[in-house]
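Visitor: I would like to know what the labels used for a structure rest on. Please take me through them one at a time.

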Amino acid sequence: MASPAASTASAADAQAGTGPRDLSQGGRCEDGENITIQADDATPVIEGNCGTVTVEANNVSGNIAAATTVTIRGTDSMLLGEKWGTATITGRGSGVNVDEIATLTVTADDAKVTNRRTQTATIDGSRATVNTDSIDRLTINGSGSTVIASGAITALEVHGNDNTITWSDGAQAPTADTGTGNRYTR
C-alpha cells in the first residue's frame, strides 16, 4: 500500500501537470509511486513497490516486480511480476505472468494470463487463456476462453458461451451457467 508521503507526492505531480513518471526504460519506483510506460516496444525492468502502473504503449515486454494496480491498455504486451494487487487487461492480445494477483479483470480479447494464485478473476473479453494453480472466485462473461487450474477454483460462474474450464479441487460445478456450449472438467 502506498505511503501517505508517496500518495501526496503523486497527487502533487498530477496537479502540477507532470503526471506519473515514465519508466519505459526501466528503473526503480519509489514506494507507492505511480508510473507509466508510454514507449512502444519497451522492455522495462521495474523494481520496487509501485503504486499504480499504467501501460499505454503497445508491444511492451517487461517485468514489474510489485504494484498496487497495473492496467495494460496497449495491445500485444506481456508483463511479468511477483505480486500485484489489481491487474486489468484492456489491450487486445496482452497478457501477464505474475505469481500472485488479488483481483484480475480481463476486458480484452485474446488475453493470456499465467500465475500461481488469483483471488478474484473476471473475464469479460473473448478467447482468453488462463493457466493458474488456483482461483478463489472466477466469473466468465466472455466467450471462447480456456481456464486451466491445476488446483482449486473455489467459486465459479459462467455467463458466456463455448468456454472450457478445467480444475482439480474446490467447486463441484458452476453456481451459474447461463451460456451455451461450455465444457467443464473436474
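Predicted model: local features only at pLDDT ≥ 70, side-chain atom pairs only at ≥ 80, totals over all residues.

Visitor: Why is the pair E33 and R21 called a salt bridge?

Guide: A salt bridge is a side-chain nitrogen of Lys or Arg within 4 Å of a carboxyl oxygen of Asp or Glu. For E33 and R21 the N to O distance is 2.9 Å, so the pair meets the definition.

Visitor: What makes this pair of E33 and R21 a tie between parts of the chain?

Guide: R21 is in strand 1 (residues 21–22), and E33 is in the loop between strand 2 (27–28) and strand 3 (35–37), so the pair ties together parts that are 12 residues apart in sequence. Strands (E, at least two residues) are DSSP runs, numbered from the N terminus.

Visitor: How do you know whether E33 is buried or exposed?

Guide: Buried means under 20% relative accessible area, exposed over 50%, and partly exposed in between (1.4 Å probe, protein chains only). E33 has 13%, so E33 is buried. R21 has 37%, so R21 counts as partly exposed.

Visitor: Why are R127 and D109 said to meet in a salt bridge?

Guide: Their N to O distance is 3.7 Å, and the cut-off is 4 Å, so the label applies. R127 lies in the loop between strand 8 (112–123) and strand 9 (129–140), and D109 in the loop between strand 7 (95–106) and strand 8, so this pair ties together parts 18 residues apart in sequence. R127, at 44%, is partly exposed, and D109, at 31%, is partly exposed.

Visitor: Which residues are linked with R127 in a network of salt bridges?

Guide: D109 and D110 are linked with R127 in that network.

Visitor: What makes R137 and E157 a salt bridge?

Guide: Their closest N and O atoms are 3.2 Å apart, which is within 4 Å. R137 is in strand 9 and E157 in strand 11 (residues 152–158), 20 residues apart.

Conventions:
Residues numbered from 1 in each chain as written. Heavy atoms only, no water. Helix = DSSP H or I, 4+ residues; strand = E, 2+ residues; numbered from the N terminus.
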